[in-house]
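Hello,

Here is the structure I promised to hand over. Please open it alongside these notes.

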Amino acid sequence: MTPKVIIIGGGIGGLTCAIACVQAGLEVELYEKRTWEGMVSGPGGIFIQRNAMSVYEKLGLAKALYEKGGKIKKGGFSNAQGKPLYINSPEFVNCSDLGVCLGRPVLQKLLYDALPSGIVQTNKKFVEVKEKEEKIEVCFEDGDTTWGDVLVGADGLYSQVRVSLNADKVLDPPVYSGMRCWRGYFNPEGINFNPEYTWMEYWGKGDRLAYFTIGDGQRSFYAFDNVPLESPRSQPGTRKSLLRQLFKHYSSPVPQIIEALEETDIYEDNIYDRLPLTPVWGKNRVTLIGDAAHPVQPSIGQGGCMAIEDAYELVYSIKTCADLSQLAQTLRQFEQYRTPRITQVFESSRQISSLGQLENPLSCQVRNWIYRLTPTWLGDLQFKWLFDYQPSGQYSASRGNG
Ligand SMILES: Cc1cc2nc3c(=O)[nH]c(=O)nc-3n(C[C@H](O)[C@H](O)[C@H](O)COP(=O)(O)OP(=O)(O)OC[C@H]3O[C@@H](n4cnc5c(N)ncnc54)[C@H](O)[C@@H]3O)c2cc1C
């Protein structure tokens, strides 16, 4: 018998998981609490890096992503005056690109469109799960229920599925990174970019700003600043002047990027993570993927990529589970299999954040010297393990044989 998978959350992880289920021949339903328009929206752009692109290659979506986005080629970190600190290019992993950058709404819509109609139901807020014999009953805020064999919580940082697994029905607050972030799009016309680079992140003292190509002639930006959690949030309409002030010591093209921003399109967020759950993320026939299980800081652009990898590997595990009575054990094996990689991404993300957000002028100078004196091949080594990821075999094969 084919297991029926219920997914909560229509973000990158949930939609990718649903696509993988369809391709693996599993029955699947996905429930999203937001409206359809809300689900296919999102602030700024996102890097879908080589490791996650390997998943989309398996799922037959890579071509569509390349068509809609901008290829990640040469790019890296510079100081605030634009002097390169570390530049990498796709050749270091023998590829012609390191993935693709897209506007979040474009990616969400592309993933949604890859699913047969009827699988995604919006305006459906999950509230709790009840396990009954070998089945799970999933309950929504509007009183509706559905049944399945496996429940996947792909419902992000404040996962209600994760809450429902805790005996006290409480989720500890996430850990504030000390960083506030702004992101959005801009029209690059008239800005003098170095044509060699498709992305660049400029590091100052306690702040950073980056741009990247997202296809269709557009670019996206993000910026971070060290801000105490209790510091009041800025009001829409004041953000451009805030960024102008924050990055006034930076050289071209940073000031030009800020001038090109649309005031109403600048999103502001505090950045959080959580210590990864190791090695068990779920319980019985319930598991978690993506930010629901392991939100990471965005400094190496891997949170969404991990959700994509999780989605593929989870479906692979379910598909290759020969005996449905072993599903719970299969889910624990999936979690255990993913834990070391997730932990490494979590640690690297925190490490790059703390380097990028150094504030003390002397420490910043030492950091910059070390980066500039480090041979590129050595810098590349710290990321190679990430990009070398290969998804498990085709859905009909067993792990390790694919
Ligand atoms: C500034 C910034 C930059 C980033 N840049 C990158 C990058 O370049 N590359 C990268 O890979 N990652 C990046 N990330 C991380 C990435 O955005 C997240 O890791 C990714 O979105 C997680 O996907 P997800 O599907 O797990 O969760 P989410 O995208 O959070 O999706 C969760 C979904 O669940 C829904 N939901 C929540 N509760 C319920 C409920 N009770 N019932 C039903 N539905 C529910 C939500 O509405 C949402 O649609 C960045 C993050 C930040 C903050």
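Below is what I found in it.

Residue numbers start at 1 in each chain, following the sequence as written. This is a predicted model: local features need pLDDT of at least 70, side-chain atom pairs count only at pLDDT 80 or more, and totals for chains, interfaces and linings use all residues.

An unreviewed UniProt entry lists "domain: FAD-binding" for residues 4–167 and 281–347. UniProt positions use the numbering here, feature names are shortened, and annotations may be inferred rather than shown by experiment. Residues 4–167 are 30% helix and 34% strand, with end C-alpha atoms 26 Å apart. Residues 281–347 are 57% helix and 4% strand; their end C-alpha atoms lie 18 Å apart. Helices (H or I, at least four residues) and strands (E, at least two) are DSSP runs, numbered from the N terminus.

**Helix α10.** This helix covers residues 327–356, 30 residues in total. A kink of about 40° sits at Thr339, shortly before Pro340. That bend is the angle between axes fitted to the seven residues ending there and the seven starting there. Buried residues of α10 include Phe334, Arg338, Ile342 and Val345. Buried means 20 or more other C-beta atoms within 10 Å of the residue's own, with C-beta atoms placed from the backbone.

**Val106.** Val106 lies in helix α5 (residues 104–113). Val106 is buried, with 20 other C-beta atoms within 10 Å. Its C-alpha atom is 10 Å from that of Gly44, 62 residues away along the chain.

Best wishes

Terms used. The expected span of a helix is 1.5 Å times one less than its number of residues. A residue is buried if 20 or more other C-beta atoms lie within 10 Å of its own, exposed if 12 or fewer, and partly exposed in between; C-beta atoms are placed from the backbone.
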